[in-house]
Amino acid sequence: MRRFPLRAIAGLAVAAMVIAATGAPVQADDDRLPLPNYGDIVVDDVHDRVFVSGGPTTNGIVVTDFSGRVKKTITGQPGATGLALSADSTTLYAALASGDAISAIDTTTYAETARYAVGSQTCPTHLARTGTTIWFGYGCETDWTGKIGALDTAAAPPVITLDRQGDAIFQRAPLLGAVTADAGPLVAGQLSLSLSTVRVFSVAGVELAEGATGDVVGSSLADLALSPDGATLFTASGSRDHAEAFAPADLARRGAYATGFRPNSVTASPDSRYLAIGRNTSGREDVLVYEVGGILPEKKVDLDSGELAATRGLAWSGDLKYLFVVTQRATSSVPALEVVSRPTG
């Protein structure tokens, strides 16, 4: 196994410092991404690029190659958090939690091509895609006003529709996961509650129909992911010492994968065969890769650059050659990117 911790490119001022949402410069360490915090990660297999956002308190998205080298910093993206790619990988969509909008960015030029206003004080935060619809979890406060909206990118011009969640109630912007087929499903969960609930929705265009729902994931939900084949919902919750698997149709249990204390990130491989799980530790077996249905991990990864970032801290390349891991140190929110080669070998 070879791993490639990210290093800033010497001589580039953009890699030495970033500007937070307040406008104050933030100095980056040599092995850190030029961002003051972390929001989300998405892999563009067509262009061999990785996009990493900085979260609600920053204004940018960093672009790296598959070895982790910074290629570009996309600025002017207030509160960029959730990320999603179009089906053809020509457009990156970013939820602008501090900009009350969703932006569309060309994945070749890195120029913003459109910005879709969601509404004043909406704070769109998390994204997922089914077909040509970009779903977003939105809500600024923690007073049970979280909702789900849709951006119909096939409409001319694209159209934003709010309040798609029906009678479902969320404390704040829900975390979303989806199968990218037109019919989904879409799954929504509320992070960090003392008893977390997940809700499964079937999809028809920009309409959602609620299916299975329950608090089976325990408390302090940290991450969720659907396998690309739609067969399994995987969750990581702070109250567990394992990641769990459920059938999306009825939330019946479909297995458990031991991690140790506080699993905080989970993602299924693009072929639905493997599961990568991370936990809130530092330096020893921080990330585990299981074959779905397996008993013992296929791979154990010790991280060099800090602790695994909570929520969406892991992402696969489409050919399974790389697992991208976002870390943060206990003493700093500035993220780093580790690239694990041959994660299933």
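Residues are numbered from 1 along each chain as its sequence is written. Because the model is predicted, local features need pLDDT of at least 70 and side-chain atom pairs count only at pLDDT 80 or more, while totals for chains, interfaces and linings use all residues; side-chain values use heavy atoms, with hydrogens and water left out.

Start with the sheet built from four strands in the order S4-S5-S6-S7, which is open and antiparallel. Strands here are DSSP runs of E with at least two residues, numbered from the N terminus, and two of them pair if DSSP finds at least two bridges between them. Strand S4 (41-44) and strand S7 (70-74) sit at the edges, each pairing on one side only. From one strand to the next, the twist averages 20°, with axes taken as lines fitted to C-alpha atoms and angles running from 0 to 180 degrees between N-to-C directions. S6 (residues 61-65) and S7 are joined in the antiparallel sense by four bridges, and Val63 stands opposite Lys72 in S7.

The next open sheet is also made of four strands with antiparallel pairing, in the order S8-S9-S10-S11. Its edges are strand S8 (80-85) and strand S11 (112-117); each has a single partner strand, so one side of each lacks a neighbour in the sheet. Here the strand-to-strand twist averages 20°. Six bridges hold S9 (residues 91-96) and S10 (residues 101-106) in antiparallel pairing, with Leu96 partnered by Ala101 in S10.

On to His126, in strand S12 (residues 124-130). At a relative accessible area of 14%, His126 is buried (buried means under 20%, exposed over 50%, partly exposed in between, with a 1.4 Å probe and protein chains only). Beyond neighbours within four places in sequence, its contacts include Gly82, Ala95, Trp135 and Leu191, a contact being heavy atoms within 4.5 Å.

As for the rings, the whole structure holds seven aromatic pairs. Rings of Phe, Tyr and Trp (its six-membered ring) pair if their centres lie within 6.5 Å; planes under 30 degrees apart are stacked, over 60 edge-to-face and the rest tilted. Phe234 and Tyr257 are edge-to-face, because their centres are 6.3 Å apart and their planes at 65°. This pair links distant parts of the chain, strands S21 and S23, 23 residues apart. Phe234 is buried at 1% relative accessibility, as is Tyr257 at 3%. Tyr322 and Phe324 make a tilted pair, 6.2 Å centre to centre with 40° between the planes. Phe66, Tyr322 and Phe324 form one aromatic cluster.
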